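Trainee: I have not looked at this structure before. Can we go through a few residues, one at a time?

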Amino acid sequence: MKWEEIAPQLVNALSLGGIYALIAVGYTMVYGILKLINFAHGEIFMSGAFVGVIALSAGWSLIPSIAAACAFCAVLGVTIDRVAYQPLRSAPKLAPLITALGMSIFLQNAAMMVWGSGMRPFPVLSPKYPMTLKKAPENSKALIDEIASRLEKVRDGKYDEAMTGLFLGEYRVAKRNLEEERARDAKSAELVLLEKRLAEARENIPRVTAVTRIPDGLLVEFRNGTGDALKTLSDVRREAQQALKIPRTAVEWNRMEVRKHVLERGFMVGGVEVQWKQPLIWFVTLALMLGLEFMIRKTSVGRAMRAVALDQNTAALMGVSVNNIIRLTFVIGSALAAVGGVLYALKLGGGVVFTMGTQVGVIAFSAAVLGGIGNIRGAALGGLLIGVITNLAIWKLGEWGVGGVYGPAIAFLVLIAVILVRPTGLLGSTSVERA
Amino acid sequence: MRFTSALLSLALSASAFAGDTVKIGVAGPMTGDQKETGEQLKNGAELAAEHVNKAGGVNGKKIELVWGDDEAKPPQAKVVAEKFANDPDIMLVVGHFNSSCTLAGQTTYDRVGLVEFSPASTNPTVCEKSKWTFRNLYRDDFQGQLLARVAKEILGAKKVCVFFDNDDYGTGLKDSFVGKAKEIGLEVAQVEAYTRDTADFSATLDAFNAKKPDVIFISGIYNSAAAIVRQARSKGMKAQFVGGDGLKDDALIKNAADAAEGLVLTSPFSIEATSEKAVAFRKAYNDKFGRDPGTWAAQVYDAVMQGAVAIKKGGLDRTKILEAMQAMNTKEKGYDGVTGVTWFDKNGDCEKPAFVEIVKDGEFVPHEKQLK
């Protein structure tokens, strides 16, 4: 086992675990207070991911997008409680369980109708610099002069100025113009010289190889000389970069092409590239967990929550507004699920689908059970464990030829084993202190 | 005598009175996560029906299309198949799209006796199991072998990893790819499955990346593929991606953004590389729907057209239509359509070429190198 193999897996595992923990907390909090498994929680997570991706696609930056997702999900969570659970507070425990399932199915279908059944792609976060494509000068000499002057700028390191004037197919235009002029006057010494300069320019100038229309402008690709057409975009970029001798760190290059968004960039640790978004996920998860822990243990609202979890009637007699506390529980749980949703979408970077809540929801619920349902620290621990085990199992099972597709099954085997030995879960207890 | 002929004419007029239309069932993923493909199926079939009807229909009757939405799910395909099979007016089914769905519907069509003509299913076993099943494109054993050669001969790969969708299409294509790859001396570093539910491919992609493959072959459908290439590129992976025709949908490019750039894939149809008929089809399609047809629109168009020919020959009799399909067993007797000539061997398979394409500037274009 090499470090280069383990490190990316661990990085991934921790992120996945953190996200599961965020969602698991929502299950466990609602259970702690209402003794209800909120099966619609997976759908809240999915809605959060959707709102986040929609906001990011609209050009919002990450924090406002997460805030929007949290707000949306908090309202959604409270509404679900008001519509599906509050009327059944005194009903047998099975009744709200059924409405929870119904709510889950309803929300999934509503999401499909509102947001569509296809995948909603995660936006490319890098800003794209719009680029004006200039018309080629009529006169060959002027054109070649311009190419030459730009070449000078490239040599001087003024990449911005040099590149922003480039346009698609300029070499071809220059060549055709020259050919036409040569046909008229074959012996002109000036034209011979121009031809030479054009040939030189062709070798040296990074030429536009692709112009892609993107939502906020044009993405322009450069390449030097003639190359094999069969290369990935990153290869083309690297080649152009090398041809221009621009150091990797040069912001000029980034500005010219695309300055990668920090969340799309990575940094090197011991020869392994880590995406910035991964530590961001860890940090956000950890901060939220600590904040939640502080709120529950140290604030009066937290005390009220613990009291309601312990005994609703007594808490009410002590002046605690039980319904407000329940609402607050849904607000916090749903907002955390929303953060989890946006982070999950960010981690995948692929896109979100309306069905994504089901599987992740089940896994996060299992994480809550593994840690001991009703126990917040347990949910965090359980989420982390399930994430790490799943990830490592996918990797190792693939390595051993069993098939990584069975990875999640291993996580569930561990869950079953733990529950058999400790029915209350890892940190769960039969004692009264919950929430 | 007079009485008999009167009776006969009465019977004839009665059957003519039974309906002025001939029904063809069209089955595929009209909704669900492959609805983009379903839209192509619908448009292609509609255009074909319009063309047949404009030319006078089938034996004086107009074609009426009946949609069957299988949502790309085998159990739903079974439901659609039962519906079609029990509607006596349906003379032929064009569909299903996914191999797993075609196979799921097959038992029903086979039991009842109704031609199932798939425009897209490429799993090798699809046509072997029932005489009622036909298709108008190549099989995956052919496609997979071709893709292995593409990896080696066009892309110059030495080491490959394979990521496959755990259904009939993905598995079949993967098997033939891996078989051929080993035969021609490619190192197959790792073969991994995923399911339609898989959203997070990180763990497997990291494992692939550690092996430094030249090529990663995705044996699956465009949706998952878009997520896979997107996640791989966001990890900074450099490997060249290669895929089968299941990747060929504009949604791949839309969802993967520039991560799809440079992806190489096979396609049963390439307008630039085929006939004038194809160009005319593109124009007609563009006039009607305001966009260029995808591969599957062309495949379905041809399937409905060819189905109409079979119904013309066989009349309103499912068994006779089967015989008419079976009779198209040489190139001369085959149907010359937009995607080339389709004729069937004894299984109902056909021999048709595959084209190599590449995603360039956000579009599928023919690759400059093609394999014979």
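Trainee: Is Lys35(A) buried, partly exposed or exposed?

Mentor: This is a predicted model. The relative accessibility of Lys35(A) is 31%. Buried means under 20% and exposed means over 50%, with partly exposed in between, so Lys35(A) counts as partly exposed.

Trainee: Where in chain A is Lys35(A), and what is its phi?

Mentor: Lys35(A) lies in the loop between helix H1 (3-34) and helix H2 (41-57) of chain A. Lys35(A) is not a glycine, yet its phi is positive, at about 55 degrees.

Trainee: What is the phi of Asn59(B)?

Mentor: Asn59(B) sits in the loop between H2 and strand S2 (62-69) of chain B. Asn59(B) is a residue other than glycine with a positive phi, near 45 degrees.

Trainee: Is Thr37(B) buried or exposed?

Mentor: Thr37(B) belongs to helix H2 (residues 35-54) of chain B. Its relative accessible area is 1%. Buried means under 20%, so Thr37(B) is buried.

Trainee: Which residues is Thr37(B) in contact with, leaving aside its neighbours within four places in sequence?

Mentor: Contact here means heavy atoms within 4.5 Å. With those neighbours left aside, the residues in contact with Thr37(B) are Phe97(B), Tyr222(B), Asp249(B) and Trp296(B).

Trainee: Is the peptide bond from Gly95(B) to His96(B) cis or trans?

Mentor: His96(B) is in the loop between strand S3 (90-94) and helix H4 (99-112) of chain B. Omega for the bond from Gly95(B) to His96(B) is near -5 degrees, and the bond is cis.

Note on methods: Residues numbered from 1 in each chain as written. Chains lettered and ligands numbered in written order. Predicted model: local features only at pLDDT ≥ 70, side-chain atom pairs only at ≥ 80, totals over all residues. Heavy atoms only, no water. Helix = DSSP H or I, 4+ residues; strand = E, 2+ residues; numbered from the N terminus. Buried < 20%, exposed > 50% of the residue type's maximum accessible area, 1.4 Å probe, protein only.
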